[in-house]
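Morning, everyone. Please look at the structure on the screen while I walk you through it.

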Amino acid sequence: MASVSTHGNQDKGPHLPPPSKQSLLFCPKSKLHIHRGEISKIIRECQEESFWKRALPFSLVSMLATQGLVHHGYLASNPRFGSLPKVARTACLPVRSAKS
């Protein structure tokens with residue numbers, strides 16, 4: 001007859017450290033430790049994707065809208081520089097918010 005274990009803790013897998021001792025990078029679902037290098041690579045990829053797919057298109061659209069508003073007279077153009085200061089300032093807003 002095989003011996004039956006009465007310890008319920010053996011079925012749960014390896015012992016996990018208490019939450020106060022766990023690293024923020026510890027994933028209890030997969031029981032794997034995520035390395036800092038991988039996390040920094042993922043963050044870098046997310047920032048690059050955010051710039052190319054969100055900030056840059058929004059910046060271009062807002063520049064075109066501002067130029068259209070200046071052209072139609074809804075916004076006053078600068079007597080010396082024309083619409084350039086308003087368009088440049090509009091272009092910088094989405095890019096700055098994406099980097100934050």
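A contact means heavy atoms within 4.5 Å. Take contacts between residues at least 6 apart in sequence: 37% of them join residues at least 24 apart.

Some ground rules. This is a predicted model, so local features need a pLDDT of at least 70, and side-chain atom pairs count only at pLDDT 80 or more, while totals for chains, interfaces and linings use all residues. Residues are numbered from 1 along each chain as its sequence is written, and side-chain values use heavy atoms, leaving out hydrogens and water.

Now the layout. The protein has two helices and two strands. In sequence order the pattern is β-β-α-α. Helices (H or I, at least four residues) and strands (E, at least two) are DSSP runs, numbered from the N terminus.

How confident is the predictor? pLDDT is its confidence in each residue, from 0 to 100. The protein averages 75, and 59% of the residues score at least 70. Confidence is lowest in strand 2, residues 32–33, at a mean of 62. Helix 1, residues 36–72, is highest at 89. Over residues 7–11, pLDDT stays under 50.

Stay with helix 1. It has 37 residues and reaches 52 Å from first C-alpha to last.

Which residues of helix 1 are buried? Ser50, Ala55, Ser59, Ser62, Thr66 and Val70. Buried means under 20% relative accessible area, with a 1.4 Å probe and protein chains only. Across the 100 residues of the protein, 12% are buried.

After helix 1 comes Gly73, with a positive phi near 90 degrees.

Key: Buried means under 20% relative accessible area, exposed over 50%, partly exposed in between (1.4 Å probe, protein chains only). pLDDT is the predictor's confidence in each residue, from 0 to 100. The expected span of a helix is 1.5 Å times one less than its number of residues.
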